[in-house]
Amino acid sequence: RKDVAAVVVKEKPDPIFNLTNAFMDRNAGQALVFLNSLLTSGFHLLQILKSFENSIRKLLIVHDCIADANKDARQLKTLTFNQFKQMILPLVQTRDLQTEERLMLQEKALTHATIRKKDLPKDLFLAANSKNPYPVYQLFLKAQNFSPAEIRQIFHFISDLDYLVKTSPVSAQTKLEQFIIQVCSKG
């Protein structure tokens with residue numbers, strides 16, 4: 001094992017989306033491997049928590065879109081990518097436009113200045129890049145792994161974990177590992 005480790009050197013660090021994808025697939029083992037890899041390569045725990053928060057927020061937005069979809073479109077596991085583009089993507093794009101308008105009006109009311117479209121926070125949009133809808137399709141499939149109630153509970157866990165990381169002498173990495181195991185457990 002030592003000889004292999006000495007010869008094989010990982011040149012490219014794992015991207016953080018590997019961790020969030022494993023987490024959203026509820027694959028605890030793979031998520032823990034990616035977590036360890038990211039922490040070893042210099043990622044800060046708060047960066048990782050923020051990526052979890054963004055992913056979970058998107059899952060909540062997906063469930064909101066699913067609730068607005070017709071009955072046939074709610075069976076996402078059975079929809080092909082082309083059916084998704086025809087039935088769900090227009091709903092997503094409409095929702096993103098409404099969110100954009102609401103954010104621009106809010107910003108104008110608060111600052112009395114108009115905000116540019118590119119300055120809006122991207123994490124509130126599902127299809128920020130409408131030319132590539134496949135990641136949105138994948139996100140909708142992953143959302144089926146969680147109920148809306150579970151997602152809300154995960155937000156509470158993340159909030160508590162964020163507080164612990166910032167204030168507690170307890171090993172934050174251990175708490176994050178426990179969080180991953182608890183959320184990814186299928187029981």
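**The nonpolar core**

Q: Which residues touch the most other members of the largest nonpolar core?
A: Those are Phe23, Phe140 and Phe179, in a core of 45 residues. Bear in mind that this is a predicted model.

Q: And which helices supply at least two residues each?
A: Helices H2 (16-24), H3 (28-40), H4 (45-68), H6 (89-111), H7 (134-143), H8 (148-167) and H9 (172-184) each do.

Q: Where does the largest share come from?
A: From H4, with 10 residues.

Q: Back to phenylalanine 140. What is it in contact with, leaving aside neighbours within four places in sequence?
A: Phenylalanine 140 is in contact with Val62, Cys65, Ile66, Leu76, Phe84, Ile88, Val92 and Leu126. Phe140 also belongs to an aromatic cluster, together with Phe81, Phe84, Tyr134 and Tyr137.

Q: Switching to rings, then. How many aromatic pairs are there?
A: The count comes to 9.

Q: Where in the chain do phenylalanine 52 and phenylalanine 179 sit?
A: In distant parts: phenylalanine 52 is in helix H4 and phenylalanine 179 is in helix H9, 127 residues apart.

Q: Is phenylalanine 52 buried or exposed?
A: Phenylalanine 52 counts as buried because its relative accessibility is 0%.

Q: And why does phenylalanine 179 count as buried?
A: Its relative accessible area is 5%, and the cut-off for buried is under 20%.

Note on methods:
Residues are numbered from 1 along each chain as its sequence is written. This is a predicted model: local features need pLDDT of at least 70, side-chain atom pairs count only at pLDDT 80 or more; totals for chains, interfaces and linings use all residues. Side-chain values use heavy atoms; hydrogens and water are left out. A nonpolar core is a set of buried Ala, Val, Leu, Ile, Met, Phe, Trp, Tyr and Cys residues joined through side-chain atoms within 4.5 Å. Buried means under 20% relative accessible area, exposed over 50%, partly exposed in between (1.4 Å probe, protein chains only). Helices (H or I, at least four residues) and strands (E, at least two) are DSSP runs, numbered from the N terminus. Contact means heavy atoms within 4.5 Å. Rings of Phe, Tyr and Trp (its six-membered ring) pair if their centres lie within 6.5 Å; planes under 30 degrees apart count as stacked, over 60 as edge-to-face and the rest as tilted.
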